[in-house]
Structure formats: C-alpha cells, structure tokens
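Hi,

Here is the structure I promised to pass on.

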Amino acid sequence: MTRSRWTGRLWASWPGRFGVIVVLAIVAIAVVSLFWTPFDPLRVDIANRWAGPGADHLLGTDGSGRDILSLLMAGSRTTLWVAAGAGAIATITGLALAALGALAVRAVREAVAVIVDILIAFPVLLLAMMISAVWGGSLLVVVVSVGIGFGVNIARVTRPELRRVLHSDFVLAGRASGLTPWQNLWRHLLPNVAPVFIVQLSWGMAVAVLAEAGLSYLGFGATVTEPSWGLLLAELQQYITVHPGSVVWPGLAITLTVLGFNLLGDGLRDATDPTLSRRGGPHRAATTHTPAVTA
C-alpha cells in the first residue's frame, strides 16, 4: 500500500482524523511553548491568585497566582516527552522480545515466554512505584517503567502474530531464496504485524500519558519544578469545592490527549492493515501483504 493511499484512508475515517488533529495540536502547543507562553509557567503572583478567566488570564490562575494556560502549554512538553520516550522503549523492548520468542531456538523461545509471563503480572503503575521507591520519583522513572511494562504487552501480542506469519508461503519462499531469519523479519514479518503493533503502541503511549499524570498526582512523577498536568491536577483538586472550574482544564487536557492517541491508533490500524477495507463492509475480501522475494 502506498503512503498516499493509507494516509488518505487515515484521514477519511473520523477516529483517525480526530486522532491526527489532537496529536498534531498537542505537538504544536508543545513546540510553541518552547519559545512563548503568555506568562512564565512557574512565576508566583500572589496578588492574582485564583483570578477567574479573563483577558489577562484566559483560563484563570491557581492558588499561587500562576497562569493555568501557561502551565498547560508547558505541561504538554512533559506529556509528549513521556509518551515518546515510553513509546521508544516499548518498541525496542517489545520487538526484541517478540523476535526472540518467534525466531530463536526452542530453548530461547521458551525462556522468553516465561520472562514475558512473569513481567506481565506486574501492572505498569505498580512497577513504576516499585522503581520509584528505589531510585526516587522522576519523569525518567516513569518513562522507563511504562516503556518496559508496555514493551512486554507488545511482545505478548506481537509474538503469536510473528509465529503465524512465519509459516506463510512468501516467508518460506524468502527463506528458500537465501534470506536470513532477520532479513525475513525486516522485509516480510514486521510489515504483516505492523497493524497489531501500531494499536498496541498507541495504547501504550496513551496509558503513558495517564501513568505520568497519575504518578505525578501521587508524587512519584514530575517534581514541583517541572510543569505537569498530573501535578497541576493534584494541586487544584484540593480546592475543588471552592474553585471547581480550575480543575476542568488539566483534566480535559489529559482526557483529550489520551483519547487522541487511542483513536489515532485505531485509525492507523484500519488504514495500514491490508486485510481491512471500509468499502468492503462485513463481506470484505481479505488479502495478505506479500512483498516481492529478492535473492
């Protein structure tokens, strides 16, 4: 499938379009916040504490007089850093474990299966809290723990798919033509499991956003010197009965970002999976990505 074709299919679906718009908007806000925010996000202005939304402060201020809009803009950088970092670690961990579990000798495959079963028993948040207890709470701990946790999830889902595609005719033909197992993995296996991998990765990035917000809320994530939506939510919720409107903004930002990543993953799955076609309906014909075999 050509790039223009799957990007067209992605934009044609409303989940994909919504996900693209939300993710691009978050990226744009994060980039802009590197150079400009309405106010210094960490500047305390007691004289303007709990100011309501207005011309000076579009979303109001918090109990320290900090501009909420500026905090949200700066916090988007933290959110993207966690999502991208956790996604990169999850990709490396998940594909490495899945490839070893599918292509290695039997003893290694069984060892990988046992390791995945053990690690999958630990929830991501619990793993992050355990690591934080040893190394201290920080964004790096969140990134590493979430990345490893969802890398195991990716391996668990991707490994059976790799084993299934491994017995396809075009993979056997590639092996007969002299391709090594790792060349077969790169040219033939990964393109066929890409839709499953993309969905798992987007889900992992979405949960990474939630994990960062939750851990920062509990005091295991971002420090007070790092703008964070979860930390802002934790600070504002103490005054929810007095200033309920202020809590809406960080909660809405977290919700939209998580929803955007999830729907972007659904849209990418439908756009890149060659066995799915929105035009075919429930009786769509299934096809297989069969790349040309080269010696």
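Which hand does the crossing of H3 and H6 have? It is right-handed, where right-handed means that the near helix is turned clockwise from the far one by less than a right angle, and left-handed that it is turned anticlockwise.

Before the rest, some ground rules. This is a predicted model, in which local features need pLDDT of at least 70 and side-chain atom pairs count only at pLDDT 80 or more, while totals for chains, interfaces and linings use all residues. Residues are numbered from 1 along each chain as its sequence is written, and side-chain values use heavy atoms, with hydrogens and water left out.

Helix packing

Helices are DSSP runs (H or I, at least four residues), numbered from the N terminus. The axes of H3 (residues 68-103) and H6 come within 5 Å and cross at roughly 35 degrees; axes are lines fitted to C-alpha atoms over the stretch in contact, with angles from 0 to 180 degrees between N-to-C directions. That contact has 21 nonpolar, eight polar and two charged residues (nonpolar: Ala, Val, Leu, Ile, Met, Phe, Trp, Tyr, Cys and Pro; charged: Asp, Glu, Lys and Arg; polar: the others, Gly among them).

H5 (residues 124-135) packs on H6 (residues 139-166) at about 140 degrees, the axes being 9 Å apart. That makes H5 oblique to H6 (under 35 degrees is roughly parallel, over 145 roughly antiparallel, 65 to 115 roughly perpendicular, the rest oblique). This crossing is right-handed. Residues in contact (heavy atoms within 4.5 Å) include Trp135 in H5 and Phe150 in H6.

Salt bridges

The count comes to three, taking a side-chain nitrogen of Lys or Arg within 4 Å of a carboxyl oxygen of Asp or Glu. Asp62, Arg66 and Glu235 are linked in a network: Asp62 pairs with Arg66 at 2.8 Å, and Glu235 meets Arg66 at 2.5 Å, N to O. The Glu235 pair links distant parts of the chain, 169 residues apart, with Glu235 in H9 (residues 229-236) and Arg66 in the loop between H2 (14-35) and H3.

Asp62 is buried at 3% relative accessibility and Arg66 is buried at 11%, whereas Glu235 is partly exposed at 26% (buried is under 20% relative accessible area, exposed over 50%, partly exposed in between, with a 1.4 Å probe and protein chains only).

Glu110 also bridges to Arg106, at 3.0 Å. Being four residues apart in H4 (residues 106-119), they are separated by about one helical turn.

Cheers

Definitions and conventions
Helices (H or I, at least four residues) and strands (E, at least two) are DSSP runs, numbered from the N terminus.
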